[in-house]
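Me: Please give me a close look at a single part of this structure, together with the elements that surround it. I would like one connected account, with the cut-offs stated.

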Amino acid sequence: MRTTGRHRAIARLIATIGVVSLVAACSGNGGATGGGTAAGGYPDQNITFVVPFSAGGPTDTVTRMIAEPMAAKLGAKIVVQNVEGAGGTVGAGEVARAAPDGYTVLMHHIGMSTAPALYQNLGYRPLEDFEMVGLVTEVPMTVVARKDFAPATLQDLVTHVKANAGEVTLANAGIGAASHLCGLLFQTATGVKLQEVPYQGTGPALTDLVGGQVDFMCDQTTNTSGQISAGEVKAYAVTTPERVKSLPELPTTAEAGLPALQVSVWHGLYVPAGTPQDAVRKLSEALKTALADQGVVEQMAKLGTVPVPAEDATPQALRAKLEEQLGTWAKVIADAGVKAS
Ligand code: MLT
């Protein structure tokens, strides 16, 4: 039978009806256009979560982990969008300039507090251009290398980089990224300047590390745990005072002889400044629900981290953390004399 334009129109209509009911079904609100609340209430359309790094990396992994239970609680679909570049500042800038309507949300981490000290023309002010939604998790970092890299221990690595500073390559996700900050702390603690190889995220950087293209890097357990457990990378230490339960064999940097290398990657959700408080409150409530979700708790534990307690999944807790960290890293970065050109 020959399909006419009209047939195609009907087919499209049937398809459209299918999608809306799918979203409504997902959001369990019985057919309202994707919104969990009465018509016109927030949310009444899809919400975009912006991840300022590559897909498949640690920030992307944490975002996708909480997006599903948050979508169920909000009664709306959440679409994760990766907006890469410049250590996370491109994606953050995009959200700062987005409509303050609750439909564009930023997942960012410690990089929110290092960027102002690193970038002259950042294009946004972390405390003024965003509403805080809440803290999410604080992820330990690991020092890892390609598996055929000679140094066997962290001490051997320090000796090796001091002897071969010009040759050794250190991967990171761009100036202002957590991996960049940890690399900076490593170079400050050892007094060695290394060749840094920037990526759009530690997802692709880890792929190259496993492939032997770069020598070593510092990255979050939410990205490295699998490769460490599978023996695909060499792991030297974890950058927190305590060992990580899911990686019990891995010593802390203090145990491995580099106590100055201490950092963990706190994550938070943000919306553009001026976003209605009703939306901020509902996002924060949905975040709390997601962080209490057993599936999320188990996934995070497998990847070496834990959700923050409910009282920290709040705007006040995130603002307090950001204020404190802006001060902490401004001094460290100024002392290190590092600037993004
Ligand atoms: C990522 O998601 O790629 C990382 O968070 C990058 C980083 O900050 O090191």
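Reply: Two strands are said to pair if DSSP finds at least two bridges between them. The strands themselves (E, at least two residues) and the helices (H or I, at least four residues) are DSSP runs, numbered from the N terminus.

This is a predicted model, in which local features need pLDDT of at least 70 and side-chain atom pairs count only at pLDDT 80 or more, while totals for chains, interfaces and linings use all residues. Residues are numbered from 1 along each chain as its sequence is written, and side-chain values use heavy atoms, with hydrogens and water left out.

Six of its six residues are buried, so β3 is largely enclosed by the rest of the structure; buried means under 20% relative accessible area, exposed over 50%, and partly exposed in between, with a 1.4 Å probe and protein chains only. In a regular strand the side chains alternate between the two faces of the sheet. In β3, T104, L106 and H108 point one way, V105, M107 and H109 point the other way, and all are buried.

β3 has a partner in β1, with which it pairs in the parallel sense over three bridges. Within that pairing, V105 of β3 stands opposite F49. Strand β9 (residues 264–272) also pairs with β3, here in the antiparallel sense and over four bridges. M107 has L269 of β9 as its bridge partner.

T104 illustrates these surroundings. It counts as buried because its relative accessible area is 18%. Leaving aside residues up to four places away in sequence, T104 touches T48, V50, V95, A98, Y270, V271 and P272, where contact means heavy atoms within 4.5 Å.

The C-alpha atoms of L135 and Y270 are separated by 9.3 Å, although the two are 135 residues apart along the chain. L135 is buried because its relative accessibility is 8%. Its contacts, not counting residues up to four places away in sequence, include W266, H267 and G268.

On the β1 side, β1 (residues 47–51) pairs with β2 (residues 78–82) in the parallel sense over five bridges. I47 has I78 in β2 as its bridge partner. The chain passes from β1 through α2 to β2 in a right-handed β-α-β crossover; right-handed means that, with the strands pointing away from the viewer, the path from the first strand over the helix to the second runs clockwise.

Helix α2 covers residues 58–74 and reaches 24 Å from its first C-alpha to its last, close to the expected 24 Å, a span given by 1.5 Å times one less than its number of residues. α2 bends by about 30 degrees at A67, and the proline P69 follows within four residues; the bend at a residue is the angle between axes fitted to the seven residues ending there and the seven starting there. Twelve of the 17 residues of α2 are buried, including A67 and P69. Just after α2, G75 takes a positive phi of about 75 degrees.

As for confidence, the protein chain averages a pLDDT of 91, and 88% of the residues score at least 70; pLDDT is the predictor's confidence in each residue, from 0 to 100.
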